[in-house]
Amino acid sequence: MNLVAGAFLRMLFLLSVQPRSTGVAGNTYDCETPLASSLPRASFSSSSELSSSHGPGFASLNRRDGAGGWTPLVSNKYQWLQIDLGERMEVTAVATQGGYGSSDWVTSYLLMFSDGGRNWKQYRREESLSGFPGNTNADSVVHYRLQPPFEARFLRFLPLGWNPKGRIGMRVEVYGCAYRSEMVNFDGKSSLLYTFNQNTMSPTKDVFSLKFKTRQNGGILLHREGQNGKHITLELVKGKLILLLNSGKANRPSPDASVTLTLGSLLDDQHWHHVLIEILNTHVSFTVDRHTHRFQAKGESSYLDLDYEISFGGIPGHGKSVAFPHKNFHGCFENLCYNGVDIIDLSKKHKPQILIMGNVSFSCSYPQTVPVTFLSSRSYLALPRTSGKDKVSVTFQFRTWNRAGPLLTSQFQHGSGALALVLNEGKLKLSLSQPGHSARDVTAGAGLNDGQWHSVSLSAKGSHLNVMVDGAAASMAHSLSGQIDLGDNYYLGALYEQSCEAHKHRGDSSGLYYIDSDGSGPLGAALVYCNMTDTAWTSVQHNGSHLARAKSSDEENLPPVVFKYRASMDQLQAITDRADHCQQELAFHPKKSRLSRHHDGTPVSWWVGRTNETHTYWGGSLPDAQKCTCGLEGNCIDSQYYCNCDADRNEWTSDTVILSCKKHLPVTRVVMTDAGQPHSEAAYTLGPLLCWGDKSFWNSASFNTETSYLHFPTFREELSADVSFFFKTTASSGVFIENLGITDFIRLELRAPAEVTFSFDVGNGPCEVTVQSPRPFNDNRWHHVRAERNVKEASLQVDQLPSKTQSAPADGHTRLQLNSQLFVGGTATRQRGFLGCIRALQLNGLALDLEERATMTPGVEPGCPGHCSSYGHLCRNGGSCREKHRGVSCDCAFSAYDGPFCENEISAYFGSGSSVTYNFQEHYNYTFSKNSSSFVAFFSEELTLTRETATLSFRTTGTPSLLLYVSSFQEEKFADQV
């Protein structure tokens, strides 16, 4: 399984572990009754037990029988103690003790809860991301009041820390009371219509309150309309709740005629979510799980001036104002109230105010399927085949942000073939291979890497195979060769700059630099030449920059030169992958030596690329380009051919080709042979690998609201973590990235205007490393952050400020265990979000495509303008900074200087009798010198150059004056004068 596939699998079915807190307020009546102590022993269960006397049945608070509490077989962070309360209860507090009279107690723990005992949710304390505080001895009781309380039938205590001189030991109590709950279940086709009497009910304020849970990412929760298109609609759209308010100003177009408020994310997680809507004339308060959005409409139009009908779960067919596509809600409501009226209770009693449309039930079943998460690139599920021999039927759902990765594979019996379902470029591809037959593919769906749930159905019977995605069949169905016969299982399943572009925007001039294209990845740094022009060119030299002979008149064909570069092939691939464009120049100097035969076009010369493949094309970025430069420009010495070499003349000619297909570069060998040609000679020169651009360095996103963020797969690096990025902002604080685990977490944030903090917890308690600056970071200029954590220490550096380091505990935990999605620009709680721009984000050497993700995320935009504010100072001597989509350039038009930063003087004054003589010398740097002196010494006088170009500008008052004089080693070439 490749790394890309592994990254994809880490995101499969992630919904089950995404934590979200509830928003149910506690009851005002007494709700602190002990619930666990009266339960039978069978209501307690655990991951393991040290012995029968240490079993979970002895875990009630203050219990002394047995061994006096629960102790697992092994004390580690994977143990749990579970309580079944028998029915759904309101839980308001918990309490813990250690094992009676022992040295076994828990110092911190995590609390999980569930309705059905399968789909669990973590209770998160608002004041802390860590677990609950535990005990300091065996017998004292530690209480913790839950604010807010929650409703559940099952609870789990997960120990996080314990007495280092003992074991895990727990006795617990749960406090609460009976929970009154009215539920209604909608099947996606049903709804409720509530009609109230306008004479008895004319409210000055509307209040809607409900809880919902669903596995579907869309549907209408409630709808109320009035005249002239006025309406209020609450809809779940792609896992987010949207409140749409239309004031009905149909005849007077206005930007505030329709208002959309959005809250929540991933709300289709089959957990309860609380919604509260309060409307007072033009004032609207919209709350989802304790996060509130308030709005006041302009003008005097009231949202209370609506009809006396409200629909829940869908929109009746006779709706007057709904002009947008919609679908009914599929899931459960709980405690649905409108202005204190219990809508579900009225429905159960079939009161005349309620019209039930379709099939509704007044209970909420627990899900029979539970999502699973693939935690690493080596994770998979091997599922036994259950279908009959002549039939295959597989259905599943998946969700991911990744564009590629395997979903399902299965081998045919007796080696007769295999099939694979993979995600490729956001599309589902079914690949089928059978011996003796060419591989066949079927593609279905598009944009499936949008973070939403997608259903897949694969069926095969006899020799017919079909795949469907989200209910839509593939464009064609395969006809298999013979009877399908699948196997027994299905398988699911010191930092350098990183480019010359980065060096350029540090203000570095042309020169030799080490670049580390994969950052903290496994590849080392490579030595390259950075040629800083308007574009930063990366030049990678090889050992054959001099002229190489391929044939001579007195010798047989010479063995081809094997070009060895200053970088390894893996490093070269990383450089070309990161670059926007790469090229390599190959110059031929033949005499009666051709590239291909005239009569049949058979190549007699070729070159070998990075992957040791032979190539016979000679120009451009496409393998079918069979022209040299003269053929592309239409000026070959013989118009019958596209290369001067193929004219087969008994004189020295030359051809130049530019190879620019990145996946084939660099050139590793050139072979020139033209058997049967008497007196033929040939030579060639190969230039360095040249690349420009950096696709990752300028990859950026703009975060426009504090509640906006980007989701990425969980950061799976337990022993080491390396994060680097640039940011710019005017905000005083905000979280750059956050990833959470059960108790472990990692976070980078701007904590204060002049303070960046790197914090994390690997089980030893929160650790922080902070860099403070004498000047604020929120100056709307780019700042570079580098954070690293390993088993020995953690470090943080911002810009060129001194790095801050903190050592890890000598005997502490070392593994960082995370399970939530990676949040960029925000947090799981949607608090303390970042306002500004982030770019060039890399985690352990892997670049995250912020721009691609931003195109599909509300509140986030791809790209970030304003680079001149950070890099304009690089333009010197009167040069002007010019903004580009990726970086800046310096306009030196009004400066007496030239170069990328307007630093190079370009003018000179010649007094009477003065001159400058320039001798062309051999130079090993091919980027700047392609001279012919060694070539002339090597070959006879018969070689003539076909073209040389010289350009200059001048200003003078004296005539006549000699401007340019050129001579070769043998003769004068030309002179020009005014």
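## Close-up views of a predicted model

**View 1. A salt bridge joins Asp345 and Lys349.** At a relative accessibility of 18%, Asp345 counts as buried in this predicted model, because buried means under 20% relative accessible area. The side chain of Asp345 meets that of Lys349 in a salt bridge, with a distance of 3.2 Å from N to O.

**View 2. Glu749 and Arg832 form a salt bridge.** The closest N and O atoms of Glu749 and Arg832 are 2.8 Å apart. Glu749 lies in strand β50 (residues 745–752), whereas Arg832 belongs to the loop between β56 (822–824) and β57 (836–843), so the pair ties together parts that are 83 residues apart in sequence. Glu749 counts as buried, with a relative accessibility of 4%, while Arg832 is partly exposed, with a relative accessible area of 46%.

**View 3. Arg882 forms a salt bridge with Asp891.** In this pair the closest N and O atoms are 3.3 Å apart. Arg882 is partly exposed, having a relative accessible area of 39%, and Asp891 is also partly exposed, with a value of 27%.

**View 4. Salt bridges link six residues in a network.** The residues that take part in this network are Arg88, Asp115, Glu151, Lys211, Lys213 and Glu334.

**View 5. Seven strands form an open sheet with antiparallel pairing.** Read across the sheet, the order of the strands is β15-β14-β13-β12-β19-β10-β22. Strands β15 (258–263) and β22 (354–357) stand at the edges and have a single partner strand each, so one side of each is left without a neighbour in the sheet. From one strand to the next, the twist averages 15 degrees. Strands of a sheet pair through backbone hydrogen bonds, and this pairing may be either parallel or antiparallel.

**View 6. Strands β14 and β15 pair in the antiparallel sense.** Strand β14, which covers residues 240–246, is paired with β15 over 6 bridges. Looking at individual residues, the bridge partner of Leu245 is Val259, which is found in β15.

**View 7. Val372, Leu381 and Leu383 make a nonpolar surface patch.** The patch made by these residues has an area of about 200 Å². Leu381, one of its members, is found in strand β24, which covers residues 381–384.

Definitions and conventions: Residues numbered from 1 in each chain as written. Predicted model: local features only at pLDDT ≥ 70, side-chain atom pairs only at ≥ 80, totals over all residues. Heavy atoms only, no water. Patch = residues over 30% accessible without salt bridge, like charges linked within 9 Å, V, L, I, M, F, W, Y side chains within 5 Å. Areas by Shrake-Rupley, 256 points an atom, 1.4 Å probe, with all protein chains shown as cover. Salt bridge = Lys/Arg side-chain N within 4 Å of Asp/Glu carboxyl O. Helix = DSSP H or I, 4+ residues; strand = E, 2+ residues; numbered from the N terminus. Pairing = 2+ DSSP bridges. Axes fitted to C-alpha atoms, helices over the stretch in contact; angles between N-to-C directions. Buried < 20%, exposed > 50% of the residue type's maximum accessible area, 1.4 Å probe, protein only.
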